[in-house]
Amino acid sequence: MWQRIQTLYLLLIILIQWGSFSLPIGCYSDGNQMEKGLYLLGDIATVESIIFSLLITLIASWAIAMFKNRKKQMQLCGFLAFVIIIALITTMVSVWIFAIDQPVMPKFYYANLIFPFATIAFSILAKRAIRKDDELVRSSNRLR
């Protein structure tokens, strides 16, 4: 199970998802001209973003555990990419609403905003690796 590349992709999704909460996504001024870090968890976090993060973690963990059923694992990876996209949209809307409520427009660190797109890419790569594994098993069954 751990030697398969799709397991590593799914594990990276889990680590990036929860690691992105500790990185600042920008900074904003609080009125005293002091800049504060803008964190997803704490400043902008809504119940939806925390629920989506938990859901993404559970789906990725479930996909890792379903290593014996490759078809179900591929379906879970496709569903995982869909959930990540929905979570990204709700997070972007939350950030936009937060930015509107501030007296000064926050500055965003765009380098840290790449992590949600990386999780989508890792989900797609995991699905491709599972498909490739399935084709390899099917071709070896034909040879017997």
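Helices are DSSP runs (H or I, at least four residues), numbered from the N terminus. The model is predicted, with local features needing pLDDT of at least 70 and side-chain atom pairs counting only at pLDDT 80 or more, while totals for chains, interfaces and linings use all residues. Residues are numbered from 1 along each chain as its sequence is written, and side-chain values use heavy atoms, with hydrogens and water left out.

**View 1. Helix α3 spans residues 47–65.** Its 19 residues reach 27 Å from the first C-alpha to the last, close to the 27 Å expected at 1.5 Å a residue; the expected span is 1.5 Å times one less than the number of residues.

View 2. Buried residues (under 20% relative accessible area, 1.4 Å probe, protein chains only) include Phe52, Ile56, Ile59 and Ile64. The buried residues of α3 line one face of the helix, because they fall within an arc of 165° seen down its axis; the arc is that of the directions from the helix axis to the C-beta atoms. The face turned away carries Val47, Ile51, Leu58 and Ala65, which are exposed (over 50%).

**View 3. α3 packs with α4 (70–101).** Their axes, lines fitted to C-alpha atoms over the stretch in contact, lie 9 Å apart at an angle of about 165°. This makes the two helices roughly antiparallel (angles over 145 degrees, on a scale from 0 to 180 between N-to-C directions). Residues of α3, including Phe52 and Trp62, meet residues of α4, among them Phe79 and Leu80, where contact means heavy atoms within 4.5 Å.

Key: Angles under 35 degrees count as roughly parallel, over 145 as roughly antiparallel, 65 to 115 as roughly perpendicular and the rest as oblique.
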